[in-house]
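I opened my notebook to look up a few contacts and surfaces in a structure. Here is what I wrote down as I went along.

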Amino acid sequence: MERFPTNQKKTAEVAKRNNLLALLKERKMKRKQSPLCPTPSKTMRAHTLSDSLSEEDDDNDGGGVVPEKLFEEARQKQQLYLKKLNNMFLQLQETKNKLEEQEKMRAEVEAENKELRSLNMQLQQQLLKKLKSSSTANCSDPGLPSPKETIPKSGCLIEVEPFESPKVDEIHLGGGIRVRREAWSRIGNSTRDSLFVKELAVAIWGTKTLGERSLTGKECPTTKTTRQPLTPQKLQTLKVCFKEWLEKKNVEETELQARWGKAGRFITEKIMDINRQKKKTNC
């Protein structure tokens, strides 16, 4: 004896299938609206799996066991991300420690360099004082022989034989170059690099000679003329004096080299200024 007729059985299966499809559709809508909604309960998953249509519908739905896999994958990715983040934090901390150590070393080196520059300046001042006192004593007694002047060899003043009749009001820059003490004092009190170099160049060569020379002796691109270059020994003495002047100002080494390298340009500018003034005078 059949419990349900065939038609009624098919109708019940269709209704059941429709109910399941409606339930799955509703779950999809909820998941889209609220991605953080809790996963279906174990009872609902068991009921879905036990149904004859659960295998096909679950594949299309992505529910049931699939969210657990996605959750596990997300958890593993999160752990991997946290591990990488921790490694980056450790590397950042290590780099920070290295930078602090380098900063301490740099501060120690700067302090040492500053102390050395201060000692060097004190030594030069003491030697210059001895030189002045020695020069004054020699000039006051013409009967005494004229010894060699002892001046720091690393400076612009070097050890050379003095003139037969040295003048007390002159300063020996080395290489037989002498400038008046008053002019040297004025040049040393210059506030700009260009002013120091230009004034010292005029004191060494004179305005007329400096205007007739060029820095390297190359042909002038505008006048197509070639001028005699400046005396290399005098030019070297000027550069050494300029470097010592910068060192007395406690200039950092990098900045000192950059400023010292502009000496040639300042001399060329002075030569051009002299020639420009000559043209205005002739006109």
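**Salt bridges and a surface patch**

I began with D273 and R276, whose side chains meet in a salt bridge, 2.8 Å from N to O. I kept in mind that this is a predicted model. Both residues sit in helix α10 (residues 263-282), and being three residues apart they are separated by about one helical turn. Salt bridges with shared partners join K198, R265, E269, D273 and R276 into one network.

Next I turned to helix α4. I found a salt bridge between the side chains of E72 and R75, at 2.3 Å from N to O. These two are also three residues apart, about one helical turn in helix α4. E72 counts as partly exposed at 30%, and R75 does too at 33%.

Which parts of the chain does the pair of R259 and D193 link? I looked up the contact itself, where the closest N and O atoms are 2.7 Å apart. The pair links distant parts of the chain, with R259 in helix α9 (residues 253-260) and D193 in helix α6 (residues 193-205), 66 residues apart. D193 is buried, because its relative accessible area of 12% is under 20%.

My tally of salt bridges came to 13.

Last, I looked for a nonpolar patch on the surface. Y81, L82, L85 and M88 form one, with about 440 Å² of accessible area together. Y81 lies in helix α4 (residues 65-140), and Y81 is exposed at 53% relative accessible area.

Terms used: Residues are numbered from 1 along each chain as its sequence is written. This is a predicted model: local features need pLDDT of at least 70, side-chain atom pairs count only at pLDDT 80 or more; totals for chains, interfaces and linings use all residues. Side-chain values use heavy atoms; hydrogens and water are left out. Patches are made of residues with over 30% relative accessible area and no salt bridge: like charges are joined within 9 Å, nonpolar side chains (Val, Leu, Ile, Met, Phe, Trp, Tyr) within 5 Å. Accessible areas come from the Shrake-Rupley method with a 1.4 Å probe; for residues, only the protein chains shown count as cover. A salt bridge is a side-chain nitrogen of Lys or Arg within 4 Å of a carboxyl oxygen of Asp or Glu. Helices (H or I, at least four residues) and strands (E, at least two) are DSSP runs, numbered from the N terminus. Buried means under 20% relative accessible area, exposed over 50%, partly exposed in between (1.4 Å probe, protein chains only).
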